[in-house]
Amino acid sequence: MTPRFEHAAELVEEYALGLLDEAEAAWVVAHLEGCAECRALADEAQQTAALLATTAPPMEPSPETRDRLFERVRQARVVGQTRGRPAPLPRAPGSRQGARLPLPRFNPWPALAALNLGLAAALAVWGLALQTQVQTLSAQNQALSEQLRRQEVRLALVSQATAQVMDLAGTESAPGLGGRAYLDHNTGTVWVTLRGLPEVQADETLQLWLIRPDGPVSAGVFAAADGQGEVWLTGIDYLGEVSAVGVSREQTGGSPTPTDILAVGGPAG
Amino acid sequence: VQLTRLSDAELMARVARSDTDGRALEALYERYAAAALGLSQRILGDRGAAEDVLQEAFFRVWERSTAFDPERGPFATWLFTITRRLCIDRLRQQSARPVVIDLPEAEDGMGPDLLADPAGSVPEATQLRSVREKVRQALQTLPADQGEVLRLSYFGGFSRREIAARLGQPEGTIHTRARLGLKKLRATLQAMGVRPDDLE
């Protein structure tokens with residue numbers, strides 16, 4: 001026969017040990033919410049009960065358990081799992097039939113299994129998204145690295161005395177055009193900046209020329225954006241022979257010789 | 001800051017606030033994982049299941065770290081409460097009971113000591129060792145029937161009704177044994193100078 005109790009204080013020890021049935025536990029929980037004196041008694045009882053845990057012989061966990069735990073935490077942290085303030089810590093450990101919390105009791109396992117399946121699918125999608133993101137970031141990183149390298153070269157070319165500077169001036173075909181070329185004879189690098197470039201037709205392109213004593217040599221075609229252009233050349237092994245730099249407007253694909261010369265310039269100063 | 005010098009409460013504050021590299025949680029794991037695993041093993045009687053519960057318990061410690069209130073008790077109490085609850089839930093889910101119930105009791109009266117660590121070789125918080133010995137001693141001072149109820153409830157997860165049926169005793173008797181047993185345990189530990197705060 002189930003005994004009847006007059007006051008929740010009579011049950012705090014059983015509550016701490018998880019001996020109560022659902023109705024009794026709910027009664028105790030409701031009382032503790034409003035009774036600081038009994039709440040203190042319940043905390044005391046729970047702390048004493050928890051000391052029983054220390055009597056279990058300690059066992060060294062496997063390294064795999066440790067690895068799984070911290071990998072799980074790491075992943076949860078990566079996905080930004082929110083660690084909010086959950087329901088208050090139950091005052092009694094292991095009370096029966098939901099006695100520990102003033103919450104509706106339910107079987108969590110089916111929901112957790114479904115959640116696991118959902119999480120697995122979500123993680124797979126997330127993994128693919130991450131892979132794509134990694135590839136994108138890698139490409140961006142390479143582009144940024146290239147930009148940085150070029151900027152370093154620009155700075156070196158501008159600052160070092162060894163770089164040869166050539167100022168370009170527009171011809172009658174492009175009177176507003178101007179620019180500067182830096183030629184690094186040590187590395188065979190050429191950096192050309194241009195401003196005031198005229199618009200070209202759909203079947204036209206801009207072409208850069210390195211002018212040697214034996215004639216102009218095509219350094220390739222390029223496009224302008226908002227009247228500005230920039231050309232990088234590397235590995236030019238005949239820079240010592242280059243006496244001037246020119247820009248021309250040509251048919252798409254370029255020309256073996258310059259036809260519509262837009263700008264030309266030799267060594268500055 | 002050397003984390004090993006921080007208190008459990010200080011480490012928990014870091015876990016809740018700024019433990020971006022997980023080192024504070026690792027420090028707590030070093031201190032208490034062995035004890036928590038021992039508790040799980042004692043309740044479940046299955047090493048694999050016990051390790052699973054250990055992982056889950058510490059994950060919940062991380063997940064719910066903002067809910068930890070050091071004013072209400074030491075971290076170890078909180079951890080053991082979480083761990084035990086997970087074990088009991090697992091037992092109920094499996095409709096199984098731990099082997100501890102049907103095996104001879106160890107000297108501490110709390111169940112078999114098949115996996116004891118007499119050499120103290122398992123790394124854990126140092127205060128746990130001294131508290132463990134004193135709690136074991138205190139338990140031996142309890143009347144056998146009171147110790148039995150504590151053992152069946154705490155490590156077996158049985159209800160008052162189930163214990164009463166198991167022992168062939170009225171529920172009121174089980175209630176009295178549980179109440180007196182826990183009160184006497186507390187008083188004995190106090191007389192020995194042991195307080196729950198000693199787990200901090």
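Two strands pair if DSSP finds at least two bridges between them. Keep that in mind, everyone, because it is the rule behind the strand pairs I'll talk about this morning. One caution before we go on: this is a predicted model.

Let's begin with the sheet in chain A. Strand β3 of chain A, residues 189-195, pairs with β6(A) over five bridges, in the antiparallel sense.

Now let's step back to the whole sheet. It is an open sheet of eight strands with antiparallel pairing, and the order in chain A is β5-β4-β7-β8-β1-β2-β3-β6. Which strands stand at the edges? Those are β5 (215-222) and β6 (229-233) of chain A; each has a single partner strand, so one side of each is left without a neighbour in the sheet. Ignoring direction, neighbouring strands are turned by 20° against each other on average.

Let's move over to strand β4 of chain A, residues 204-212. Seven of its nine residues are buried, so β4(A) is largely enclosed by the rest of the structure. On one hand, β4(A) pairs with strand β7 of chain A, residues 244-251, antiparallel and over eight bridges. There you'll find Trp209(A) opposite Gly246(A) in β7(A). On the other hand, β4(A) runs antiparallel to β5(A), joined by seven bridges, and here Ile211(A) stands opposite Pro216(A). β4(A) and β5(A) form a hairpin, with two residues between them.

On to chain B, which has quite another make-up. Its secondary structure comes to eight helices and zero strands. Of its 200 residues, 55% count as buried. Among contacts in chain B between residues at least 6 apart in sequence, 66% join residues at least 24 apart.

One residue to look at in chain B is Asp8(B), in helix α1, residues 8-17. Is Asp8(B) buried or exposed? Asp8(B) counts as buried because its relative accessible area is 1%, and the cut-off for buried is under 20%. Its side chain makes a polar contact of 2.3 Å with the side chain of Tyr32(B). Leaving out residues up to four places away in sequence, Asp8(B) also touches others, among them Leu28(B), Arg31(B), Phe75(B) and Gln127(B).

Finally, where the two chains meet. Two packed helices are described by the angle between their axes and the distance between the axes. Here, helix α4 of chain A (residues 63-78) packs against helix α3 of chain B (residues 47-63) at an angle of about 30°, with the axes 9 Å apart. The crossing of α4(A) past α3(B) is right-handed. From α4(A), the residues involved include Arg68(A), Leu69(A) and Val73(A), and they meet a set in α3(B) that includes Glu51(B), Phe58(B) and Trp62(B). By type, the residues of this contact divide into seven nonpolar, two polar and six charged.

There is another place to look, too: Gln47(A), in helix α3 of chain A, residues 36-51. Which residues does Gln47(A) contact, leaving aside its neighbours within four places in sequence? They are Arg72(B), Gly73(B), Thr77(B) and Pro196(B). With a relative accessible area of 13%, Gln47(A) is buried.

Note on methods. Residues numbered from 1 in each chain as written. Chains lettered and ligands numbered in written order. Predicted model: local features only at pLDDT ≥ 70, side-chain atom pairs only at ≥ 80, totals over all residues. Heavy atoms only, no water. Helix = DSSP H or I, 4+ residues; strand = E, 2+ residues; numbered from the N terminus. Buried < 20%, exposed > 50% of the residue type's maximum accessible area, 1.4 Å probe, protein only. Polar contact = N/O pair within 3.5 Å; in protein donor to acceptor, adjacent residues only side chain to side chain. Contact = heavy atoms within 4.5 Å. Axes fitted to C-alpha atoms, helices over the stretch in contact; angles between N-to-C directions. Left-handed = near helix turned anticlockwise from the far one by under 90°. Nonpolar A, V, L, I, M, F, W, Y, C, P; charged D, E, K, R; others polar.
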